[in-house]
Amino acid sequence: MIELNHESLSKTQQCKLLNVNRNRLTPRQSKMTQEDELIMREIDEIHTAWPFYGQRNIKHVLQQRGIPAGRSRIRRLMKVMGIESLAPKPSLSKPNKKHQIYPYLLRNLAITEVDQVWCTDITYLPMEKGHAYLVAIMDWHSRAVLSWELSNTMDSSFCVRALKNAMEKTGRKPKIFNTDQGSQFTGKDWIDVLKSNDIKISMDGKGRWMDNVFIERLWRSLKYERIRLYSYSTLPELRTHVSEWMEFYNHERPHHSHDMQTPWSQYQKTDQQAA
């Protein structure tokens, strides 16, 4: 409705008449710069190697690498990446205050069978230009990855899609589903799927970085064994590499906690024993 070349009214006068802030006439510039992307890659590498490092230690390592970055910038980029120090502390990343937080149900619980507990988490994956987010659904007992999804935004839709795919692919559902308190997992879309399938909801407690440790180990293995070895220019290219590694992890990579059996063979034991 604003006429930039109006004969008698300036842009400021038109904005006042329409009760519109003049700043909105100029397209908002993205706060993310190429330098930010480079620093985020370094932060991800540091976080993968030393997940217990907080902002101070990350800043120190960056300075050692010749990358000047203040704590406020590191804090902002870590929030964009969705990562934080995996060490006990007074306050973790804050969930949406309007969302209900559920209690942690796994404390002192012996997890002895598949589909007793599923868990999930989101990780940051760097690309040549930009970045992507990966979510995975894991069976806690067997460590099998039941489904995963990639996205260039960290919203709830790709998480819900991964959850539904896991149940469709396996034809099963867990008794308990454990997540962190991130807004993707406290929002209505995610919670409604769990409740409609009579799945008990469990969420990590504040300062309890060990509550979802198994999937954190999955991210570490993925990044060291595949992601760090290649560069990715497109999301489909990244998806291909993730798919190949997930197949290797599930069906070829032996797991020490299960007498060197693969996660998927351990997950399918229930079907074999029933047969």
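**Entry 1: Y124 and its partner.** I began with Y124 and looked up its bridge partner in strand 2, which is Y133. This is a predicted model, so I read each entry as a look at a prediction. Strand 1, residues 117–126, pairs with strand 2 in the antiparallel sense, and I find nine bridges between them. The two strands form a hairpin with four residues between them. In that turn, G130 has a positive phi of about 90°.

**Entry 2: the other neighbour of strand 2.** Next I followed Y133 across to strand 3, where it stands opposite S151. Further along, A136 stands opposite W148 of strand 3. Strand 3 covers residues 145–151, and its pairing with strand 2 is antiparallel too, over six bridges. Here again I see a hairpin, with five residues between the strands and a positive phi of about 70° at R143 in the turn.

**Entry 3: is strand 2 buried or exposed?** I checked residues 131–139, and nine of the nine are buried, so strand 2 is largely enclosed by the rest of the structure. In a regular strand, side chains alternate between the two faces of the sheet. I therefore looked at each face of strand 2 in turn, and both are covered. On one side H131, Y133, V135, I137 and D139 are buried, and on the other A132, L134, A136 and M138 are buried. I also noted that helix 2, residues 34–49, lies across strand 1 and strand 2, running at about 135° to strand 1.

Entry 4: I then stepped back and found five strands in an open sheet, ordered 3-2-1-4-5, with mixed pairing. Strand 3 and strand 5 (200–203) stand at the edges with a single partner strand each, so one side of each has no neighbour in the sheet. From one strand to the next, the twist averages 20°.

**Entry 5: cysteines.** I searched the whole structure for disulfides and the count is zero. I looked up two cysteines as well. C119 counts as buried because its relative accessibility is 1%. C159 is buried too, with a relative accessible area of 0%.

**Entry 6: how do helix 3 and helix 4 pack?** Helix 3 (residues 55–64) and helix 4 (residues 71–81) pack at an angle of about 110°, and their axes are 10 Å apart. The two helices are therefore roughly perpendicular to each other. From helix 3, I listed Q55, R56, I58, K59 and L62, which meet R71, I74, R75 and M78 in helix 4. Sorted by class, this contact has four nonpolar, one polar and four charged residues.

Definitions and conventions. Residues are numbered from 1 along each chain as its sequence is written. This is a predicted model: local features need pLDDT of at least 70, side-chain atom pairs count only at pLDDT 80 or more; totals for chains, interfaces and linings use all residues. Side-chain values use heavy atoms; hydrogens and water are left out. Buried means under 20% relative accessible area, exposed over 50%, partly exposed in between (1.4 Å probe, protein chains only). Two strands pair if DSSP finds at least two bridges between them. A disulfide is a pair of cysteine sulfur atoms within 2.5 Å. Axes are lines fitted to C-alpha atoms, for helices over the stretch in contact, and angles run from 0 to 180 degrees between N-to-C directions. Angles under 35 degrees count as roughly parallel, over 145 as roughly antiparallel, 65 to 115 as roughly perpendicular and the rest as oblique. Contact means heavy atoms within 4.5 Å. Ala, Val, Leu, Ile, Met, Phe, Trp, Tyr, Cys and Pro count as nonpolar, Asp, Glu, Lys and Arg as charged, and the others, Gly among them, as polar.
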